[in-house]
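Subject: Handover of a structure and its computed features

Dear colleague,

Please find the structure for your review directly below.

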Amino acid sequence: MVTRMKTTEVESMENGFTFLELILVLSVMSILTAIIIPLGDRWIRATAEENALQSLVIEIQSLQSYALANSVYTRMDFNDLGREYISSAPGKTEFSRTFFPDGMHVPDWSYLKSVEFHPNGDIRNLGTLSIETSSRSIQIKFQFQRGRMI
């Protein structure tokens, strides 16, 4: 007995995305990326500038503490067009050399060009240290003797 096999139609099941769906998803992602990248860049820059400002204030306070603890004259100078600051004491090598992030510097018109402390911890030059960032201008005021920075 001969049996004939019936040919069954193979149903094709296609899984996946159409070309139009892929193009739509890619265009939405590119629009979101174009919006998010500049916002993220500004946030990163602002955070870096805020951290650099906090580091500067801590370095100035450490310099004053070192002058008091060791009864020596200490100094912080701003070099490279105000883009870096160097902390030192006479007869010693520099304590630290730190660069500000891009876009942040001490401008030429700042009243203070250096921060200096006497061996008793009193500030030598009173006045205002100006710092320019990419988004604002910051003023740090040094008051009499061992006064606080504001």
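How many helices and strands does the protein have? There is one helix, and there are six strands, where helices (H or I, at least four residues) and strands (E, at least two) are DSSP runs numbered from the N terminus. Along the sequence these elements follow the pattern α-β-β-β-β-β-β.

Two remarks on provenance come first. The model is predicted, and local features therefore need pLDDT of at least 70 and side-chain atom pairs count only at pLDDT 80 or more, while totals for chains, interfaces and linings use all residues. Residues are numbered from 1 along each chain as its sequence is written, and side-chain values use heavy atoms, with hydrogens and water left out.

Overall figures

Of the 150 residues of the protein, 28% count as buried; buried means under 20% relative accessible area, exposed over 50%, and partly exposed in between, with a 1.4 Å probe and protein chains only. The protein exposes about 11000 Å², of which carbon and sulfur atoms supply 59%; these areas come from the Shrake-Rupley method with a 1.4 Å probe, and for residues only the protein chains shown count as cover. Among contacts (heavy atoms within 4.5 Å) between residues at least 6 apart in sequence, 48% join residues at least 24 apart.

The sheet around E1

An open sheet of four strands has the order E3-E2-E1-E4, with antiparallel pairing; two strands pair if DSSP finds at least two bridges between them. Strand E3 (96-99) and E4 are the edge strands, each pairing on one side only. From one strand to the next, the twist averages 10°. H1 packs on this sheet and touches E1, E2, E3 and E4, and its direction makes about 150° with that of E1. For such angles, axes are lines fitted to C-alpha atoms, for helices over the stretch in contact, and the values run from 0 to 180 degrees between N-to-C directions.

E1 has a partner on either side in this order. Its antiparallel pairing with strand E2 (residues 84-88) extends over five bridges, and Arg75 stands opposite Ser88 there. Four bridges join E1 to E4, again antiparallel; here Met76 stands opposite Val115 and Asp77 opposite Ser114.

The hairpin turn

E1 and E2 form a hairpin with four residues between them. Asp80 counts as partly exposed because its relative accessibility is 40%, while Leu81 counts as exposed because its value is 59%.

The nonpolar core and Phe78

The largest nonpolar core has 21 residues, and those with the most contacts inside it are Leu56, Phe78, Leu129 and Ile131. Such a core is a set of buried Ala, Val, Leu, Ile, Met, Phe, Trp, Tyr and Cys residues joined through side-chain atoms within 4.5 Å. At least two of its residues come from each of helix H1 (19-70) and strands E1 (74-79), E4 (114-117), E5 (127-132) and E6 (137-142). The largest share, six residues, comes from H1. In soluble globular proteins, nonpolar side chains tend to be buried together.

Leaving aside neighbours within four places in sequence, Phe78 is in contact with several residues, among them Leu56, Val106, Val115 and Leu129. Phe78 also forms one aromatic cluster with Tyr85 and Phe100. The structure holds three aromatic pairs, a pair being rings of Phe, Tyr and Trp (its six-membered ring) with centres within 6.5 Å; planes under 30 degrees apart count as stacked, over 60 as edge-to-face and the rest as tilted.

Phe99

Not counting residues up to four places away in sequence, Phe99 touches Asp80, Arg83 and Glu84. The C-alpha atoms of Phe99 and Phe78 are separated by 9.7 Å, the two residues being 21 apart along the chain.

With kind regards
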